[in-house]
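This briefing summarises selected features of the structure shown below.

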Amino acid sequence: MAKFTDEQIAIAKHHASLTPPAQIDPRIDALVNDLIGRVTDKWTMLILEVLTEKGELRFTRLSEAIDGISQKMLTQTLRRMERDGLITRTVHPVVPPKVEYRLTTLGLGLGAAFCGVWIWASDNLEQVEQAGRDFDEVGKAF
């Protein structure tokens, strides 16, 4: 389970309380659509969660913290996140090379924004589970 700070939870609640403007800048619309496509994939969300919780990590430690991710997928996801400004990659000039990853301010902000999903899940867990049971029960009748 993700561990969010009180500040991150406050930021998430603030974002959730805002009403988008009637006229949305097309660049913002494009950015949101682009980010949703890239960020909402399973691996990016898990990397955000792990780095939020643990701070700076080496590639190997990050890989160990994310169950089921291949080295190739971790590399691709980290590169995409670095390109988007969500993480920084620090290479230390030692043998063997030591590479560490950490969230940027942008990455922390995005993590805080998605913290709202955790809050929603916590607040609505019972209702979602009940809806699933109700649906499954009705499905048995067909």
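Glutamate 100 and lysine 98 form a salt bridge in which the closest N and O atoms lie 3.8 Å apart. The model is a predicted one.

**Salt bridges**

- In the pair formed by glutamate 100 and lysine 98, the glutamate is buried, because its relative accessible area of 13% falls under the 20% limit.
- Lysine 98 has a relative accessible area of 28% and is therefore classed as partly exposed.
- Arginine 61 and glutamate 64 also form a salt bridge, with 2.9 Å between the closest N and O atoms.
- Arginine 61 and glutamate 64 both belong to helix H4 (residues 59-65), where they are about one helical turn apart because three residues separate their positions.
- Arginine 61 is partly exposed, at 43% relative accessibility, whereas glutamate 64 is exposed, at 56%.
- In general, side chains of opposite charge can pair when their charged atoms come close.

**Sheet and hairpin**

- Three strands make up an open sheet with antiparallel pairing, and their order is E1-E3-E2.
- Strand E1 (57-58) and strand E2 are the edge strands, each of them pairing on one side only.
- Six bridges link E2 and E3 in the antiparallel sense.
- Isoleucine 87 has leucine 103 of E3 as its bridge partner.

- Most peptide bonds are trans.
- Proline 96 is located in the loop that runs between strand E2 (87-92) and strand E3 (98-103).

**Packing of helix H3 on helix H6**

- Helix H3 (residues 42-54) packs against helix H6 (residues 105-140) at an angle of about 105°, and the two axes are 10 Å apart.
- H3 is therefore roughly perpendicular to H6, since angles of 65 to 115 degrees fall in that class.
- On the H3 side the contact involves Met45, Leu48 and Glu49, and on the H6 side it involves Gly107, Leu110, Gly111, Phe114 and Trp118.
- Sorted by class, this contact of H3 with H6 comprises five nonpolar, two polar and one charged residues.

**Packing of helix H3 on helix H5**

- H3 also packs with helix H5 (residues 71-83), at an angle of about 75° and with the axes 10 Å apart.
- The angle makes H3 and H5 roughly perpendicular to each other.
- H3 contributes Trp43, Thr44, Ile47 and Leu48 to the contact, which meet Met73, Leu74, Thr77, Leu78, Arg80 and Met81 of H5.
- The contact of H3 with H5 has seven nonpolar, two polar and one charged residues.
- Leu48 of H3 takes part in the contact with H6 and also in the contact with H5.

**Helix H3 and the sheet**

- H3 lies across E1, E2 and E3.
- Relative to E3, helix H3 runs at about 95°.

Note on methods: Residues numbered from 1 in each chain as written. Predicted model: local features only at pLDDT ≥ 70, side-chain atom pairs only at ≥ 80, totals over all residues. Heavy atoms only, no water. Axes fitted to C-alpha atoms, helices over the stretch in contact; angles between N-to-C directions. Helix = DSSP H or I, 4+ residues; strand = E, 2+ residues; numbered from the N terminus. Parallel < 35°, antiparallel > 145°, perpendicular 65-115°, else oblique. Contact = heavy atoms within 4.5 Å. Nonpolar A, V, L, I, M, F, W, Y, C, P; charged D, E, K, R; others polar. Pairing = 2+ DSSP bridges. Salt bridge = Lys/Arg side-chain N within 4 Å of Asp/Glu carboxyl O. Buried < 20%, exposed > 50% of the residue type's maximum accessible area, 1.4 Å probe, protein only.
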